[in-house]
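Hi,

Here is the model I promised to pass on. Have a look at it first, and my notes follow below.

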Amino acid sequence: MSPLEIIRGIVFCSQTATGVLGNSFLVFLFIFMFLTAHKLRPIDTILIQLAWANSLMLLFKGVPQTMVALRLKNFLDDTGCKIVLYLQRVARALSLSMTCFLSGFQAITISPSTSRYIKLKNRTQKSIIPCSVLCWTSHLILNVIILVKMKGTRTTRNNSNLLDFEYCSTSVASTLTAALFSVMASLPDVTCVGLIVFASGYMMFLLKRHQKRVQHIHVSSLSPRASPEIRATQSIQLLVNTFVFFYSLNFVLVIYMHLKNPRPWLLHSSNFLAGCFPNICPFVLISTDSQVIRYFYALLRHLHLLPSFMSSGLRKVSSPW
């Protein structure tokens, strides 16, 4: 085993372990708050699904990549390959959809409180669960094609007409067919990313307008605190910008690899970029979303790990929305 393969295995293993731990902690935190009768925000329903999808994506992508780095390329048969790739693609699609849903929901939440927007806000909050069920169902159905196209490397080792993804493979089509398939497969992704960019731009516009409105109340000795709504919006803005950055880089590599037989370093780079957002996402939320931080302190208080003087101070400044 070469030093490069060892380093690659360590990188994928570290990325998977830290990301799964971070996302699992978020899932546990939200479930704990729900079971202890704490009031959750409507947006927390989306965040818990995003964290769960990220955990699945890291597990079903990072673990096989780590095993490949350890030269265990033939550890999956046809059935195992189909299941791993299917769950990996479903989790990736859910992560994209939930990020899109998250940015759109928050953009509507901070919209002006006119009669038209109030009705839209109420409808949006009521539609979170139905839309989530629709997302899960549609992605579970649409990705069934993976169960047909993918094969394990055990039975396809010597076939030159197959595109090898190290632990799975798929048949190579003509350049025109590959291009058409790439366009059709990426259309829902491009649509979601376009909606994310639009919602992010709208949130930036609203935040800038809010900043101009509060400038006239600035006092030299006292700076007004941002509302919980604004702080949550800034956190989600950072989250979706991180997603768009990593997704755009990976998207270019994936399109290129659909058109040409990818070199190993391109495949490894694409796999690493695909795991960056799921890995970073929970830590962005934990460090920037004030409500998630309050949930964490509530957990510490419940476990009697938070000093009483800090607990009383947090209750005074806490104002969940």
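Let me start with F246, which counts as buried because its relative accessibility is 14%. Keep in mind that this is a predicted model, so everything here is computed from its coordinates. F246 makes an aromatic pair with F245, and the geometry is edge-to-face, with 5.2 Å centre to centre and 70° between the planes.

That brings me to the aromatics in general. The count comes to 8 aromatic pairs. One of them joins F25 and F296: the ring centres are 5.8 Å apart and the planes sit at 70°, so this pair is edge-to-face. What I like about the pair is that it links distant parts of the chain, with F25 in helix 1 (residues 3-35) and F296 in helix 10, 271 residues apart.

Helix 10 covers residues 290-302, which makes 13 residues, and it reaches 18 Å from first C-alpha to last, close to the 18 Å expected at 1.5 Å a residue. Its N-terminal end is capped by D289, where a side-chain oxygen lies 3.1 Å from the backbone nitrogen of Q291. Q291 is also one of the buried residues of the helix, and the others are S290, V292, R294, Y295, A298, L299 and L300. Just after helix 10, H304 takes a positive phi of about 60°.

The unreviewed UniProt entry places "transmembrane region" features at residues 6-34, 128-148, 179-207, 238-259 and 265-286. I looked at two of these in the model. Residues 6-34 are 100% helix and 0% strand, with the end C-alpha atoms 42 Å apart. Residues 128-148 are 90% helix and 0% strand, and there the end C-alpha atoms lie 32 Å apart.

C131 is in no disulfide either, as its nearest cysteine sulfur, that of C135, is 6.8 Å away.

Last, a lysine to look at. K121 sits in helix 4 (residues 115-126). Is K121 buried or exposed? With a relative accessibility of 14%, K121 counts as buried, because buried means under 20%. Leaving out residues up to four places away in sequence, K121 touches I108, T109, S111, P112 and S113. Of these, S111 has its backbone oxygen 2.9 Å from a polar atom of the K121 side chain. As for T109, its C-alpha is separated from that of K121 by 6.2 Å, with the two residues 12 apart along the chain.

Cheers

Terms used
Residues are numbered from 1 along each chain as its sequence is written. This is a predicted model: local features need pLDDT of at least 70, side-chain atom pairs count only at pLDDT 80 or more; totals for chains, interfaces and linings use all residues. Side-chain values use heavy atoms; hydrogens and water are left out. UniProt positions are given in the numbering used here, feature names are shortened, and annotations may be inferred rather than shown by experiment. Helices (H or I, at least four residues) and strands (E, at least two) are DSSP runs, numbered from the N terminus. A disulfide is a pair of cysteine sulfur atoms within 2.5 Å. The expected span of a helix is 1.5 Å times one less than its number of residues. Buried means under 20% relative accessible area, exposed over 50%, partly exposed in between (1.4 Å probe, protein chains only). A polar contact is a pair of N or O atoms within 3.5 Å; within protein, one must be able to donate a hydrogen and the other to accept it, and residues adjacent in sequence count only if both atoms are side-chain atoms. Rings of Phe, Tyr and Trp (its six-membered ring) pair if their centres lie within 6.5 Å; planes under 30 degrees apart count as stacked, over 60 as edge-to-face and the rest as tilted. Contact means heavy atoms within 4.5 Å.
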